[in-house]
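Work through the exercises below with the model open beside you. Try each task before you read its solution.

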Amino acid sequence: MSIATIAVLAVIAMVVLWAIATYNRLIQLKLRVKNAWSQIDVQLKRRHDLIPNLVEVAKGYMKFEQETLEKVVRARTQATQATSVKDKEGAENLLSSALRSLFAVVERYPDLKANQNMLKLQEELTSTENKISFARQFYNDETTRYNTTIRLFPANTIASMLHFTDEDLFQLEDIAERQAPKVGF
Amino acid sequence: MPYSFIDIEHRKSRLIKAVFLFLIVFYFAVAYLLWVVTKFFIFFNGGVSSLTGLLPFGEIPLVIGAAAVIASIHWTVSSRHMIETIIGVLEAQPPDEKDAYHQTFKNVVSEACVATGSRTTFSPYVIPSSGMNAFAASDGKGSAVIGVTEGLLATLNRQQLEAVVAHEAAHVVSGDSQTTTIICSLFGIYAALFQGLTRALEGSTRRQRGPGKAALYLLIILVILSVTQFIGNLLHMFLSRQKESRAAAVAVKLSRNPLALAEALYKISRGWRGVGQIPNSLGPLFIMSPEYSTLDESEGLVSDLFSTHPPTQKRVNLLLAMAHADASALKDALKPKERIDAEKGLINLKEVPKKSWLMYDNNAWQGPFDLETLLQKGVGPQSWISNIDENFIQRASEDKILHEAFAKESGEAFRIPGALSCPECRVPLSEALYEQAPILKCGHCGGAFVDKDVILRIMVRRDYAFSGEVASDSEAALKERSKDVFTRALKMVYALACPSCNNKMSRGFYSYGYPVTVDTCDACRKVWFQKNELEMVQYIYEKFATPKT
């Protein structure tokens, strides 16, 4: 075997090894995105589970606010049926705004506000909202990392060959929007 | 000055790494120095020629190897049960599920877990102290504890608590508690050596004047060791301060709420932060040094060098700058909480008709029904039911709420097995929340049966205002604390039986500081308060423990 053949073979072997390594890295990143998404999913499911209880407790006190309650129930049903990231984004935002209007109404019922079950549910819901936003932050970080990697040269050659595509980011509004910093004079 | 938390995190991380590496090199350098001095005293016999043989570089790896082995043995031994030891020393407990404040804290910790990508499991712990402080410790293998005091839980609102927990979680994810334990165990070796030698030196001088050479040798070693300790301590404190700043930046990255952390730090700095008797070396683990010292508050060279935490004012200002706010933003945080009227003070746990039961009837599950419908449907103590919230199947008589309903219908026939009754009026005690803490309350006479651990929580919490009666009774009790000791002693005869173990309870002041007469069962660690007495204890606590403003 001539030196040239050995050199060519060595180069081919290196390229193959690099391709395998890159492929594995991409798969790993993709799995991390998937894992991060499943964490959001767990929290979203928890949120959907809490809402019927919330509506049940509120019902006893809010005889004249059936419309608000129904809106929440409808939004929840929609959210549970959404499957893709984009669909969920829309449905969850709708649910958030429905919940926000519900809590605005709750403020008008002091008895309901002081109700122990209501307080407990509100605490659970706040906690779940926080977890959703943290999990989302984490998911978006992982997704950005993956999306960047599949676009950068030379990994993008492998990525486009094996059809690695961009994952969607997940954008949500906060239910209790974080207080904007006040300007003091 | 960069106000971006990402910049701060990177900058501090580089600095911390550099100092940490320097400390490790320093450890080995001192080991080598000690070796050289020892050799000098063993082999040096007046001849100048042997001096050159004292510094062979070939021995460096040998000495470093030996020092590394000693260090790693010391480290494994000292850090093996570190978390258990800390929890034990602080008498920290896992949160009480029935307590609403504790439940919130537990939720906040699990949120922090999600925020850090669930790579570390955080276990929440509550320290039974009325001071305000928080700590974190990790074993480096993926599990960590975050502990806060009862005082902190009672004083901070949810956002502030989130910020404090994020700060502690930040310590864990940046591996701060690892570097602290490594450094402590490295320099702990020298500290132990120093103590051992001083003792040996004292012993030898007492017996006789030993040979001058050995004494001189010991003296030189002691000087080296004390200088080492001094420099080690300074650098360790410097490192600790840098870590605090980095943790604040990472906490902001996690919670995105710098203002809440600023408020929390400000509140903590104004109160008492004691956590009980703890060794000084644990100080750096806490969010603010548990020992109050004026050094913490003042700036300047000396205080900068000798404290484990940066000055509070500096920490708060940096956070305020991140939030684009100034000190006026803290004003809101310092407003005392609005209090609820005393009449509404007690929250009964069962209130709203909830459709939460399924009933097995006609070979199928029916429902869900609320309590009233369920009774109308003819549920009996032997019917199979399932509570939706609890999600298991049981006899109706085993369900607490249903059981009470049966008891109401048929008088005493259906006493809940194991339900305690009031020691004075024999009515079953019901579970209730007072100041969000679980107590057993008699609906008839208004007495309360409270766990000793829970009393501390109630004392530090301030959700409810006091009625005029409680205030005047407490003032009277304080005034007459030293009177009629004799009559009170006679009252011992009428001691009540403990609702839970049935032994006689002892009657007397809750303590001399709290001259409210209560009945205590020492075996069960529980106290029986008659109506208003619990509030009186709380009133007296608050009267003397209000933080100086």
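Helices (H or I, at least four residues) and strands (E, at least two) are DSSP runs, numbered from the N terminus. This is a predicted model: local features need pLDDT of at least 70, side-chain atom pairs count only at pLDDT 80 or more, and totals for chains, interfaces and linings use all residues. Residues are numbered from 1 along each chain as its sequence is written, while chains are lettered from A and ligands numbered from 1 in the order in which they are written.

**Exercise 1.** Describe the make-up and the spread of chain A.

*Solution.* Start with the elements. Chain A has six helices and zero strands. Along the sequence, its pattern reads α-α-α-α-α-α. Next, take the radius of gyration (over C-alpha atoms) and the globule rule (2.2 Å times the number of residues to the power 0.38). For 185 residues the rule gives 16 Å, but chain A has 24 Å, well over that value, so chain A is more spread out than a compact globule. Then look at the axes. The C-alpha trace of chain A spans about 90 × 50 × 25 Å along its principal axes.

**Exercise 2.** State the burial in chain A and in chain B.

*Solution.* A residue is buried if 20 or more other C-beta atoms, placed from the backbone, lie within 10 Å of its own; it is exposed with 12 or fewer, and partly exposed in between. In chain A, 28% of the 185 residues count as buried. In chain B, the buried share is 34% of 549 residues.

**Exercise 3.** Check the length of helix α6 (residues 158-173) of chain B, then its surroundings.

*Solution.* The expected span is 1.5 Å times one less than the number of residues. For the 16 residues of α6(B) this gives 22 Å, and the end C-alpha atoms are 22 Å apart, so the two agree. Now count burial. In α6(B), 15 of the 16 residues are buried, so the helix is largely enclosed by the rest of the structure. Just after α6(B), B:G175 takes a positive phi of about 70 degrees.

**Exercise 4.** Which residues cover each face of strand β2 of chain B?

*Solution.* Recall the rule. In a regular strand the side chains alternate between the two faces of the sheet. On one side of β2(B) are B:A134, B:A136 and B:S138; on the other are B:F135 and B:A137; all are buried. Finally, find the neighbour. Strands pair if DSSP finds at least two bridges between them. Five bridges join β2(B) to the antiparallel strand β3 (residues 143-149) of chain B. In β3(B), B:V148 is the bridge partner of B:A134.
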